[in-house]
Amino acid sequence: MSIAKQLYQLQEVDLEIESHERDIKQVTSQLGESESVILARKKLDSGQQHQAEVTRQQQSLEWEIDDITSKVAKAEEELYSGRIQNPKELGNLQHEVDLLKDKRGQLEERDLELMEQAELAVRTISKLEGELGSLEAEWQTRQRELSARLGELKTGLSNLKHKRGLIAEDIDPQAVEVYQELKKHKGTAVARVEQGICRGCRITLPVTELQRTRSGELVRCSSCSRILFST
Ligand SMILES: [Zn+2]
């Protein structure tokens, strides 16, 4: 096998290795927490906090209502006990009872509003829990797929590296060095020759150069310096 062909094969494997490495990077970047799951979890958290706050307000309101109810009961008991005879005093007490009842009426209205808010909060939470659940399930499936893909890519990469080692072993080390230098500076080290044209720089090669490439020796394009590979 000509040295140009060997280097061309090395280049083919190198390209496959690079493509595997790019894919591994890409798949790795997709592994891990998902933005949409994090966002859904945050929404659920704040929904639950809101529900807790509404419950807390309801409790303290209900305690306030109970407190007023017992004050009213006490005042009415006093009012109808017959112990108070003074009309002015009776009038004041009655007024106090009326005020307490007004206040209680307002608190009860507020309590109804809070009950509605609490019901809404329960519905919202259950909706958010559903959303989070399906996002998490979707995410887990995707993670499993990505992990499997990553495993395949890593195995593929290790096989390719082994294959590269075997190919490189058989090539003159100096030629491999030339190849590496060109690869570093030009990206592609070996250019195919097709219909007398260097595919690396698209120049038409002189006849003498073409003949030399067919002889099997290592020939470099006089224009772009790439190693020429004539099939
Ligand atoms: Zn060229």
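Which residues are linked with Asp23 in a network of salt bridges?

1. The network in question joins Asp23 to Arg149 and Glu152, where a salt bridge is taken as a side-chain nitrogen of Lys or Arg within 4 Å of a carboxyl oxygen of Asp or Glu. A search of the whole structure finds 20 salt bridges, and some of them are discussed below.

2. On the basis of these remarks: this is a predicted model, in which local features need pLDDT of at least 70 and side-chain atom pairs count only at pLDDT 80 or more, while totals for chains, interfaces and linings use all residues. Residues are numbered from 1 along each chain as its sequence is written, and side-chain values use heavy atoms, with hydrogens and water left out.

3. Arginine 41 and glutamate 136 form a salt bridge whose closest N and O atoms are 3.0 Å apart. This pair links distant parts of the chain, since arginine 41 belongs to helix α2 (residues 35-79) and glutamate 136 to helix α3 (residues 87-169), 95 residues apart; helices here are DSSP runs of H or I with at least four residues, strands are runs of E with at least two, and both are numbered from the N terminus. Arginine 41 is partly exposed at a relative accessible area of 32%, and glutamate 136 is likewise partly exposed at 25%, on a scale where buried means under 20%, exposed means over 50% and partly exposed lies in between (1.4 Å probe, protein chains only).

4. A salt bridge also forms between the side chains of glutamate 76 and lysine 101, at 2.8 Å from N to O. Glutamate 76 lies in helix α2 and lysine 101 in helix α3, so this contact ties together parts that are 25 residues apart in sequence. Glutamate 76 counts as partly exposed at 22% relative accessibility, and lysine 101 is partly exposed at 35%.

5. In the salt bridge between glutamate 78 and arginine 83, the closest N and O atoms are 3.0 Å apart. Glutamate 78 is partly exposed, at 29% relative accessibility, whereas arginine 83 counts as exposed at 52%.

6. Three strands make up an open sheet with mixed pairing, in the order β2-β1-β3, two strands being paired if DSSP finds at least two bridges between them. Strands β2 (197-198) and β3 (227-230) stand at the edges with a single partner strand each, so one side of each is left without a neighbour in the sheet. Strand β1 (residues 190-194) runs parallel to β3 and is joined to β3 by four bridges; alanine 191, for its part, has leucine 228 in β3 as its bridge partner.
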